[in-house]
Amino acid sequence: MHLRIRLTCRKYEIWALSFFSLVTGLYVLHFSIALILVNKEVPQTRGMLYPRESETREVRSLDGIWNFVRSDQANPTQGVRDEWYAKELSKSRPTIPMPVPASYNDITTDNLRDHVGTVWYDRKFFVPRSWAKDQRIWLRFGSVHYEAYVWINGQKVVKHEMGHLPFEAEVTDLLSYGAENRITVMCDNALIQTTVPQGRITEVPNDGGMTIVQSYTFDFFNYAGIHRSVHLYTTPRTFIEEVEVTTNLSKDATIGEVFYSVSVNGSAANEADNVLHIQANLYDKEGVLVANATSDGKLGGKLQVNQVKPWWPYLMHPEPGYLYQLEIKLLATNDELLDVYRLKVGVRTLSWNSQQFLINGKPVYFRGFGRHEDADIRGKGLDNALMVRDFNLLKWIGANAYRTSHYPYSEESMQFADEHGIMIIDECPSVDTENYSQELLGKHKSSLEQLIHRDRNHPSVVMWSIANEPRTGSVGADSYFELVANYTRSLDKTRPITAAIAVPNTQDKAGRSLDIISFNRYNAWYSNAGRLDMVTQNVIDEAVAWNKRYNKPIIMSEYGADTLEGLHMQPAYVWSEEFQTEVFSRHFKAFDELRKKGWFIGEFVWNFADFKTAQSYTRVGGNKKGVFTRARQPKAAAHLLRKRYFALGRDLDQCSFPEDLFTYIADLIS
């Protein structure tokens, strides 16, 4: 089956790489041949609107406690060969309870944490008889990492490869109505050199003989499982399948335009005597109708909003994150209502040049974080309580942006960012990209296509990141990332493209294909560890060099230092809270010098909160670079950063200080 094939290919790949490494000429030839890349078409995503109830739609969650079985690592395809999906999993193997959504790794007390290969889930559910009447039923997963196979009542429904992104399939004809049904999922977490992200699978000796080991170069734990919600939802026979929205503002920002385009799925869409049309209504926050239009058979149009309230980032306006509600009604020729779908819309413009990034015509200075979807026990599983806490902390600290490092975040968090005015640099799951190949290129482009299709309507998404710390100094990186960047632009020309680059600017081959340059550097940590006197000028020099080479806006997308909460040392010493505070302060001084140059547009701390990594003697319980602990409590540096971010907000955007920003010390009388 697929995993065994992937492992076999990986073993060959290791052998091939070692062989060519021994013979310099052939090694170069190998890479030259591999980098004759063809810009092949990528399958296009259809549908995938976020499940919402309406007059014509119902939504049911399948979240809860599922049954769970792990496969033997040495025999990962046994469940397929023995057809475990044909009956309840408990009839094939003993099962354990497993929460959905959640990563499975940290739930049990045994070695499930480090399992490599396939695991299985199943559960039963009822479908009401009423759902059998003239409608269609869809099964939708918010995310399964990394690869998923799904069966309903023993019948294969869908296969999807790519964690962190949704997929769905119609199951109308596979369900038993007014009766019990069974859903079975096989999940495979194995990463190899042609998955996104990449990894390696090796067989190594252990005390019991041989074992399979998953390795990867990225610095976060490869959590796996059904990470986000599972839904059943209904649509009419002919329904609204896709909605694409773009917006514009007049020069004085008093008139807004909302452009909408709708795609329809269903038999009525193909009937010559039934010309479908759209009625579009736009409502403000108070529910007042502010614009409406009826389209022709092209199923698209424009809404004009007078005295519009633009979508502004947090602290850039007294009313940030203003959202309208767009109501789309699908009507038949006789004005019969076929379907209704509603979504939130923010009216704003984006523009950029060689010096600036602007929203609604106003220059933006990004102040934020790299983050992770990561928490104790649940791993990368969707957690609404944690999400709300995180956004409260983002606003408390005065951040206006974050990057979805290093993969797409939940749809719920994207909606929350829209509502709270937090700008998003939306990153695909390509991290530490290397060993460029045609197959990897196809999957990399597919990850971006799925991401953009999912997130294109979010006003909070202001930039696409096509990779994190790719090996852009390698042979072929220039042509590879030119293809990736151009493909991304073909999908969306309304947002700029960046990538977080870690190689020195003199070695980089990808920056020419980007609109905005982002770079990661850890002065006084990975470079010149402990040397606080080697931070400020190094940051200034590198940013200047990036700008001089590419003449594009520059963001420092990662900087920081690991910090063990509660460790205090004076003078500052690595791992102490004093050291993290000092590292930040030295960077702040560099950033303020760079801001004067006009082309330095943002600073992103690494990281928002501590997070789990693979086991390593350099990691004590994970990466500790967070300004908040994994339990979301502030370290000393968080209070310093809060003062800076609000000071920048007041200086650049005229926001006011929170009352508790400064602690009373003394009333000095001269």
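The questions and answers below go from model confidence to domains, strands and single residues.

Analyst: This is a predicted model, where local features need pLDDT of at least 70, side-chain atom pairs count only at pLDDT 80 or more, and totals for chains, interfaces and linings use all residues. Residues are numbered from 1 along each chain as its sequence is written, and side-chain values use heavy atoms, with hydrogens and water left out.

User: What is the average pLDDT of the protein chain?

Analyst: pLDDT is the predictor's confidence in each residue, from 0 to 100. In this chain, 94% of the residues score at least 70. The average is 93.

User: Which stretch has pLDDT below 50, and how many contacts has it beyond near neighbours in sequence?

Analyst: The stretch is residues 1-34. Where pLDDT is low, the predicted coordinates should not be read in detail. A contact means heavy atoms within 4.5 Å. Beyond near neighbours in sequence, the number of contacts in the model is 45.

User: What are the bounds of domain 3 in the domain assignment?

Analyst: Domain bounds come from an automatic or database domain assignment. Domain 1 covers 58-189 + 224-236, and domain 2 covers 238-345. Domain 3 covers 366-653.

User: How many residues does domain 3 give to its contact with domain 2?

Analyst: The centres of domain 2 and domain 3, taken over C-alpha atoms, are separated by 34 Å. Domain 2 puts 15 residues into the contact. From domain 3 the number is 20.

User: How many residues of β7 are buried?

Analyst: Buried means under 20% relative accessible area, exposed over 50%, partly exposed in between (1.4 Å probe, protein chains only). Glu147, Tyr149 and Trp151 point one way from β7, while Ala148, Val150 and Ile152 point the other way. Both groups are buried. For β7 (residues 147-152), the count is six of six.

User: Which residue in β10 is the bridge partner of Val150?

Analyst: Two strands pair if DSSP finds at least two bridges between them. β7 pairs with β10 (residues 179-188) in the antiparallel sense, over six bridges. The partner of Val150 is Val185.

User: Which residue in β27 is the bridge partner of Ala401?

Analyst: β27 (residues 423-427) has five of its five residues buried. Met423, Ile425 and Glu427 lie on one side, with Ile424 and Asp426 on the other. β26 (residues 401-403) runs parallel to β27, joined by three bridges. Ala401 is partnered by Met423.

User: Which residue in β24 stands opposite Ile359?

Analyst: β22, β23 and β24 form an open three-stranded sheet in that order, with antiparallel pairing. β22 (350-352) and β24 (362-363) are the edge strands. Two bridges link β23 (residues 357-359) to β24. Opposite Ile359 stands Lys362.

User: Which side chain makes a polar contact of 2.8 Å with Arg371?

Analyst: Arg371 sits in the loop between β25 (366-370) and α4 (384-397). Arg371 is buried because its relative accessible area is 6%. A polar contact is a pair of N or O atoms within 3.5 Å; within protein, one must be able to donate a hydrogen and the other to accept it, and residues adjacent in sequence count only if both atoms are side-chain atoms. The partner at 2.8 Å is Asp390.

User: Why does Ser92 count as partly exposed?

Analyst: Ser92 lies in the loop between α3 (78-81) and β3 (96-100). Beyond neighbours within four places in sequence, Ser92 is in contact with Trp84 and Lys87. Ser92 counts as partly exposed because its relative accessibility is 25%.

Conventions:
Helix = DSSP H or I, 4+ residues; strand = E, 2+ residues; numbered from the N terminus.
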